[in-house]
Amino acid sequence: MNARSVAILLALVGMYIAVPLLLGPNLYVMSLLVASIAIGGVALAWALLGNLGGMVSFGHAAFFGVGSYVSALLSMKLGVPVFAAMFLGGVGAAVASIAMLPTLRLKGPYFALAILAYAQIFRILATEWKSVTGGSGGLSSIPRLPEIAGFDFGSKVGNYLVIVTIVLIFALIYERIRASHYGIALRAMHDSEDATRIVGVNSTFLKAMMLFVSAFMTGVVGAFNAHYINFLEPDYGFSGLWSTIPIVAAIFGGYRTILGPVIGAVFVYLIDQLVFKSYIPSGHQIMLGALLAGMVLFSPTGLLPWIVEKFKRSRHAAA
Amino acid sequence: MLQLDNVTVRFGGVIAVNGLSLSIATDEVTGLVGPNGAGKTTLFNAISGLARPSAGRIVFNSVDVLKAPVYRRARLGLGRTFQVPQPLSRLTVHENLLVAQRFATGSIDESRLREILAFVGLTEKAGRDATTELALSELKALEVGKALATNPKLLLLDEVLAGLETVGKRRFMQMLKDMHAKFGVGILIIEHDIETISNLCKRVAVLNFGELIADGTPEDVFRNPAVIKSYTGADHA
């Protein structure tokens, strides 16, 4: 077994056994952990769109909100089982992203601005479509995650295990896409789109696929969140924070890597809630801003690439 | 056979290609020449789909490709290189060819890729970063290799020899001659050097101000007074 396999095995043991055993009784810390990993899931989906699709999105709140509403409504009004509803929440977000296909011809800030506008449109729709969404009053008593074979997935530990599994599956999907021929072509498209089209790459199709995948992932996380907090309103489900915090997390952790955004989300969220908040209860986000600015200046590629580089150097020095 | 009928390309008020009609065979090497600004690269862009003609028809092997997207034209067998090499960024030389082959033909044939790499002289550089680790002559070779990997029936070469020193140019020219024979691909080449064109092509088309002013053998074309005037600005004495 090589070093990489050992590291993966240790990480899995840590995530699936050590964390629930050590932190499970501490409901507050577990809730913070669940929230941070959920943000990590959105950050990973955002980074996939940026890295493979070459698109910087400021509108992932749209996918998050659509996923959460679709899942909540399906489970509440049609009695769809929660896990199936969560999957369909992701499908709903992917379907919603079809409306954004015209924006794919835009580049850089124009795409970012257009997709931000779409997020606002979806928020307004959720507010005004009162007969279905409950309007600004929102939805309450959204079904929690179920109990299966005697294990309560609605418990804090159950919630944690579900979101960890979701994010790990997303990371595997991301890795598979990146390693595929499609991933290689997508990598090339960033700075040389005409050159890729001229050799037969349907760049618009590939970008659309990345938008669907990213929207699906974000929608599933949104759906999970709806069943986790059991309440939903448009200003929360479509909050701009679901667009901006994942960006902060992804850039902090290293958006060019697959797990960097997740590690960034967990680090940023936990340090903010557990450390900064205790020193500056009101306005603790200022510390977060300073931390991000410091990281961007100190290591523009992010936390994970910095750690990997340090590790490589120390091994090189020891050899 | 590539058939252009009355093709016109406009950029606002500027007519870059004006009602051009031309047939290009896929079993020979044809030269496309003309002074700077004659519309040669714009015509290549129109054929490959990067520029949209405002009028006319473009038919390739009996398929009307005027409205076909760029990638579909590549899959139909219209290969192309750029005047300024455009390697696929963040990829190795081998990955450049792999992407071209995979997406243009729908499959991967590693032995064919090795054959192409050897043919363009990049076997030793297969693992190098195509954007940062190649000299100009190697980037030009990669352009040709990438285009060959798409398995083209007609290859549009845009000033592929420009910027090369004499020895490199001679070697490259031999490669183009061999390519026509070895891969059975038709070539339409833009080139300024008359000697090169005369050497490579049995037929030459001349553009000036977006219009076809001559079409024939190199001997006839380069003696044509209209062609001489287009280059020198003066009547042939």
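**Reading the model**

Modeller: With 319 residues, a compact globule would have a radius of gyration near 20 Å, and the 20 Å of chain A agrees with this. The radius of gyration is taken over C-alpha atoms, and the globule rule is 2.2 Å times the number of residues to the power 0.38. This is a predicted model, in which local features need pLDDT of at least 70, side-chain atom pairs count only at pLDDT 80 or more, and totals for chains, interfaces and linings use all residues. Residues are numbered from 1 along each chain as its sequence is written, while chains are lettered from A and ligands numbered from 1 in the order in which they are written.

Biologist: What does the C-alpha trace of chain A span along its principal axes, and how many helices and strands are there in chain A?

Modeller: The trace of chain A spans about 65 × 55 × 45 Å. Helices (H or I, at least four residues) and strands (E, at least two) are DSSP runs, numbered from the N terminus. Chain A has 15 helices and four strands.

Biologist: Which percentage of the residues in chain A is buried?

Modeller: A residue is buried if 20 or more other C-beta atoms, placed from the backbone, lie within 10 Å of its own. In chain A, 45% of the 319 residues are buried.

Biologist: At what angle do helix 12 and helix 13 of chain A pack?

Modeller: Axes are lines fitted to C-alpha atoms, for helices over the stretch in contact, and angles run from 0 to 180 degrees between N-to-C directions. Angles under 35 degrees count as roughly parallel, over 145 as roughly antiparallel, 65 to 115 as roughly perpendicular and the rest as oblique. Helix 12 (residues 241-253) and helix 13 (residues 260-279) of chain A pack at about 110 degrees, with axes 7 Å apart; they are therefore roughly perpendicular. The contact includes A:Pro246 and A:Phe252 of helix 12 and A:Ile263 and A:Phe267 of helix 13. Its residues divide into 11 nonpolar, three polar and no charged. Here Ala, Val, Leu, Ile, Met, Phe, Trp, Tyr, Cys and Pro count as nonpolar, Asp, Glu, Lys and Arg as charged, and the others, Gly among them, as polar.

Biologist: How do the axes of helix 3 and helix 5 of chain A cross?

Modeller: The axes of helix 3 (residues 60-77) and helix 5 (residues 108-128) of chain A come within 8 Å and cross at roughly 30 degrees, so these helices are roughly parallel. Among the residues that meet are A:Val66 and A:Tyr69 in helix 3 and A:Tyr118 and A:Phe122 in helix 5. This contact has eight nonpolar residues, one polar and one charged.

Biologist: Which helices pack in chain B?

Modeller: Helix 4 (residues 110-119) and helix 5 (residues 136-149) of chain B pack at about 150 degrees, their axes 9 Å apart. That makes them roughly antiparallel. B:Leu113, B:Ile116 and B:Leu117 in helix 4 meet B:Gly145, B:Leu148 and B:Ala149 in helix 5. By class, the residues of this contact are five nonpolar, one polar and no charged.

Biologist: How many residues of chain B are in contact with chain A?

Modeller: In chain B, 20 residues are in contact with 17 residues of chain A. The largest share of the side of chain B that touches chain A, six residues, comes from helix 3 of chain B. By class, this side of chain B has 10 nonpolar, four polar and six charged residues.

Methods:
Contact = placed C-beta atoms within 7 Å. Buried ≥ 20, exposed ≤ 12 C-beta atoms within 10 Å, placed from the backbone.
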